[in-house]
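Work through the following exercises with the sequence and the model side by side, and compare each step with the solution given.

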Amino acid sequence: YDWTGASSTAWNVAGNWKVGVSTAPTYPGQSVATDIVRIGTNVNFTTRQPTLSTGNITVASITFGINNNNDITLTVNGVTLTVTGDIIQNHGAGSTSNSTTYQTTLAGTGTIYCTGNFQIGNTTGPTTKAVNTTLVSSQIAQLTINGDMAFNAVGNNTSTATNYPTLNLDKGKITLNGQFTS
């Protein structure tokens, strides 16, 4: 499932999601807990950030991209979003921008419960001279990670560029039951 925000900000509206090139028949987590969610990876959006505020949802994984250099905010209000696998915030792979910050904000009064790992950054470095930051801002009431919190800083093969992973606890609480890794 790829977030489009085509009709509103509501997670629970199938018209806000795509599966392949078609509008999704359901929304992720509506009927099965094995749905894979991508936000800002294959489909870019500039408005209508995803908000989950009706009903607890369980999905298999969530991957955040760089959304064509636009910030991403996932808001969870008064409910729980359970991710049975990993949550991943990818670096700006192939970025040609210099000194860019790619930011994902987890916000709201609810809970995000990740039974797997939470990874900031992947193994793909920037292709040009750049010092980029991949930032996750946690502003959600409760973020629980049962696995590890992994920070992947990576440079290119000429050592002229680096992507730095960053986590900010801006408000709320983070519970880490695993360990920090890099």
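**Exercise 1.** Determine which residues Asn-67 is in contact with, leaving aside its neighbours within four places in sequence.

Solution. Taking contact to mean heavy atoms within 4.5 Å, Asn-67 touches Gly-40, Val-43, Asn-44, Phe-45 and Ile-72 once those sequence neighbours are set aside. The model is predicted, so local features need pLDDT of at least 70 and side-chain atom pairs count only at pLDDT 80 or more, while totals for chains, interfaces and linings use all residues. Residues are numbered from 1 along each chain as its sequence is written, and side-chain values use heavy atoms, with hydrogens and water left out.

Finally, a polar atom of the Asn-67 side chain lies 2.8 Å from the backbone oxygen of Phe-45.

**Exercise 2.** Describe how Trp-17 pairs with Trp-3 and with Trp-11.

Solution. Rings of Phe, Tyr and Trp (its six-membered ring) pair if their centres lie within 6.5 Å, and planes over 60 degrees apart count as edge-to-face. By this rule there are 4 aromatic pairs. Trp-3 and Trp-17 are edge-to-face, at 5.0 Å centre to centre with 80° between the planes. Because Trp-3 lies in strand β1 (residues 2-3) and Trp-17 in strand β2 (residues 17-19), this pair ties together parts that are 14 residues apart in sequence. Trp-11 and Trp-17 are also edge-to-face, at 5.0 Å and 70°, and both Trp-11 and Trp-17 are buried.

Notes:
Rings of Phe, Tyr and Trp (its six-membered ring) pair if their centres lie within 6.5 Å; planes under 30 degrees apart count as stacked, over 60 as edge-to-face and the rest as tilted. Helices (H or I, at least four residues) and strands (E, at least two) are DSSP runs, numbered from the N terminus. Buried means under 20% relative accessible area, exposed over 50%, partly exposed in between (1.4 Å probe, protein chains only). A polar contact is a pair of N or O atoms within 3.5 Å; within protein, one must be able to donate a hydrogen and the other to accept it, and residues adjacent in sequence count only if both atoms are side-chain atoms.
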